[in-house]
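Load the model in a viewer and keep the sequence panel open. The stops below are given in the order in which to select them.

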Amino acid sequence: MKLKQSPSQTVGPYFAYCLTPEQYGYDFRAIAGSQLADEHAEGERIRIVGRVLDGAGNAVDDAMVEIWQADAKGRYAHPADPRGSNLAFRGFGRTGTGTDPESRFVFDTIKPGSVEAQAPHITLCVMARGMLSHAFTRLYFSDESEANAADAVLATVPEARRGTLIAAREDTQAGTVYRFDVHLQGAAETVFFDA
């Protein structure tokens with residue numbers, strides 16, 4: 001008997017049709033989206049904008065990006081967080097790069113607070129065609145240099161590579177935007193972490 005490969009062993013992403021249906025033109029909405037906070041959430045409103053780039057520097061137009069973060073007070077939207085959950089803040093978002101004409105991912109959220117002596121950060125999970133496993137990384141903020149210097153996780157990254165984890169702040173008329181591209185390969189490859 002010959003065994004066949006399972007979908008997790010073949011190049012996908014088969015999952016994206018139900019997780020990011022808008023990207024594929026379906027008329028139903030995903031259970032998680034790119035808006036992480038409602039109008040009652042406390043904290044500085046920010047927008048995260050970036051692209052997932054392949055080894056040649058081309059934007060991947062069918063990637064899926066998930067983010068998970070703490071709220072402005074460093075609390076997670078999870079019942080196990082002993083400090084209490086912030087119901088106005090979901091803390092988790094998901095979007096596909098195919099929903100944007102420039103193949104970007106865009107998240108509207110609030111700037112996270114520090115969690116247990118870590119610098120404010122957002123965890124990203126990237127899934128794309130040709131990847132047999134998803135990739136985890138972190139986004140740190142360019143205007144948090146003092147906290148970044150003291151962050152134990154960031155300190156494990158060679159100094160020359162830390163810049164691949166730093167999102168650049170731009171103050172625009174529409175509000176604060178942080179730019180953060182994820183490079184899957186190449187000289188500017190983003191630092192990825194084991195889960």
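## Stop 1: the loop between β4 and β5

Select A117, which is found in the loop between β4 and β5; strands here are DSSP runs of E with at least two residues, helices are runs of H or I with at least four, and both are numbered from the N terminus. This is a predicted model, in which local features need pLDDT of at least 70 and side-chain atom pairs count only at pLDDT 80 or more, while totals for chains, interfaces and linings use all residues. Residues are numbered from 1 along each chain as its sequence is written, and side-chain values use heavy atoms, with hydrogens and water left out.

A117 is not a glycine, yet its phi is positive, at about 65°. Most residues other than glycine have a negative phi. A117 counts as exposed because its relative accessibility is 67%; exposed means over 50% relative accessible area, buried under 20%, and partly exposed in between, with a 1.4 Å probe and protein chains only.

Now select Q118, in the loop that runs between β4 (104–110) and β5 (121–127). Which residue does the side chain of Q118 meet in a polar contact of 2.8 Å? The partner is the side chain of R138. A polar contact is a pair of N or O atoms within 3.5 Å; within protein, one must be able to donate a hydrogen and the other to accept it, and residues adjacent in sequence count only if both atoms are side-chain atoms. Leaving aside neighbours within four places in sequence, Q118 is in contact (heavy atoms within 4.5 Å) with R138, D151 and V153.

## Stop 2

Move to T123 in strand β5. Its relative accessible area of 22% makes T123 partly exposed. Beyond four places in sequence, T123 is in contact with E66, I67, W68, T137 and R138. The C-alpha atoms of T123 and W68 are 5.3 Å apart in space, for a separation of 55 residues in sequence.

A search of the whole structure finds three aromatic pairs. Rings of Phe, Tyr and Trp (its six-membered ring) pair if their centres lie within 6.5 Å; planes under 30 degrees apart count as stacked, over 60 as edge-to-face and the rest as tilted. The W68 and Y76 rings are stacked because their planes are at 25°, with centres 4.6 Å apart. W68 is partly exposed, at a relative accessible area of 42%, whereas Y76 counts as buried at 18% relative accessibility.

## Stop 3

Select F141 and Y178, an edge-to-face aromatic pair with 4.7 Å centre to centre and 75° between the planes. F141 is in strand β6 and Y178 in strand β8 (residues 175–179), so the pair links distant parts of the chain, 37 residues apart. F141 is buried at 0% relative accessibility, and Y178 is buried with a relative accessible area of 0%.

## Stop 2: the nonpolar cores

Which residues touch the most other members of the largest nonpolar core? Select I48, V52, F105, L124, L139 and V182, out of the 26 residues in that core. Elements giving two or more residues to this core are β1 (45–53), β2 (64–69), β4, β5 and β6 (135–141). A nonpolar core is a set of buried Ala, Val, Leu, Ile, Met, Phe, Trp, Tyr and Cys residues joined through side-chain atoms within 4.5 Å.

Not counting residues up to four places away in sequence, L139 touches I48, P120, H121, I122, L124, L165, A167 and F180. Another core lies apart from the largest one and has six residues, among them A119, L154, L165 and V191.

## Last stop: the whole protein

Clear the selection. The protein has three helices and nine strands, and 42% of its 195 residues count as buried.
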